[in-house]
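Q: I am new to this structure and would like a close look at one part of it, the metal site. Could you walk me through it?

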Amino acid sequence: MTEAMETITRLANGYIQVKVPLPFSLRWVNAYLLPHGGSWTLVDPGLRAAETQAFWADALAELGIAWKDIESIVLTHYHPDHYGLSGWFQEKTGAPVYMSDVAAAYADRLWGENETFSEELIEAFRQHGYPEELIPGMREHLAGVKDQVSPPPREIRILPEPGQSFGMAGQAWKIVGGEGHAPGHRAFYRPESGVILCGDQVLPRITPNIGWLPGGDPDPLGSYLASLESLLAYDVSLALPGHRDPFPEFSGRVRELIAHHDRRLKQIEDLLAEAESYSSHELCDALFGARISGNSHNHRFAMSETIAHAERLAFSGAALRTCEPDSEAGRSVIRYRKA
Ligand SMILES: [Zn+2]
Ligand SMILES: [Zn+2]
């Protein structure tokens, strides 16, 4: 049995889950193939690397699907592990790539020509107390991502707005917006069957990263919690997530995620009660410690997660956000204290 066969799962309604390998702790991203006559819609093809390109050639051969059989490529969000192979797939298939307008703008902001995002993120992390000696590693990590999303799709078609209907594989899906994990994230819900393609907005077993970005949503955790509340209204029989495996207990998982963030916010409030003030970098160390040390990829996500939580507390009035001169850093650093 080849590696590709072990990672292919046939689901109800003829949908196919393909576990596309990832070189980091998430292990794989789920691509989904939805049948339509002899054609297929491909959702979230994965991160671009020589290995994933070879993987897909094997997987499609196992499935008996030719490149030309893929009629459209649909992306839940712009993160490299979902978007990265879309340009390459478009080259191989000629299929249009669909994503939200916001996601397309972010892909361009992060990896387009003359991008300035990497330095904006580094500057923002400095303001949040990120140590100077770790900056070169972070810069190298950010530069490496561009390779994982190249080539970009040449032609992008913009998805309809949330609430509107979108045709995938001959079926009508309702577009579900939801901020907090990635700007412009879209999920796809089919009322007739209760199936939701939920991307990374709701994941089983792991908590989606809350993606604070400079110049983005100032309160992404607040937006994320609002999105989770709105997802409780959906009658879901099967959730097809971006990572781990499909699961039926959607609203239960949504409630667990809300509870997780409530606990994390309480944990930070308790920390703020113990010391005079914390920078996000200090909070990040206290929350994640050894799990992130020496790994710029993990450290970046932990910092975004921590800033998002600290900002939520500041927005809710539970914490005060100040900007104070820091003699060690030789600059002003944003600090949080108990309100
Ligand atoms: Zn994501
Ligand atoms: Zn992902």
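A: Along the chain, the donors of the zinc ion (ligand 2) follow the spacing D-H-x117-D-x42-H. They are Asp-81 (OD), His-82 (NE2), Asp-200 (OD) and His-243 (NE2), and they lie 2.1 to 2.2 Å from the ion. A donor here is an N, O or S atom within 2.8 Å of the metal (3.2 Å for Na, K and Ca), and since water is not among the atoms, sites may look incomplete.

Before going further, please keep in mind that this is a predicted model, in which local features need pLDDT of at least 70 and side-chain atom pairs count only at pLDDT 80 or more, while totals for chains, interfaces and linings use all residues. Residues are numbered from 1 along each chain as its sequence is written, chains are lettered from A and ligands numbered from 1 in the order in which they are written, and side-chain values use heavy atoms, with hydrogens and water left out.

Back to the zinc ion (ligand 2): its 4 donor atoms make angles of 89 to 159 degrees, and the site is irregular. Four donors count as tetrahedral if all angles lie between 85 and 135 degrees; four count as square planar and six as octahedral if opposite donors are over 155 degrees apart and all others between 65 and 115; anything else is irregular.

Now for the neighbouring ion. The zinc ion (ligand 1) sits 3.4 Å from the zinc ion (ligand 2), and Asp-200 coordinates both. Its protein donors are His-77 (NE2), His-79 (ND1), His-181 (NE2) and Asp-200 (OD), at 2.1 to 2.4 Å. In sequence, the donor residues of the zinc ion (ligand 1) are spaced H-x1-H-x101-H-x18-D. Distant parts of the chain are linked by the pair His-79, in the loop between β5 (70-74) and α3 (80-83), and His-181, in the loop between β9 (171-177) and β10 (186-190), 102 residues apart. Helices (H or I, at least four residues) and strands (E, at least two) are DSSP runs, numbered from the N terminus. Both histidines of the pair are buried, His-79 with a relative accessible area of 12% and His-181 with 6%. Why is the arrangement around the zinc ion (ligand 1) irregular? It is irregular because the 4 donor atoms subtend angles of 91 to 168 degrees.

Conventions: Buried < 20%, exposed > 50% of the residue type's maximum accessible area, 1.4 Å probe, protein only.
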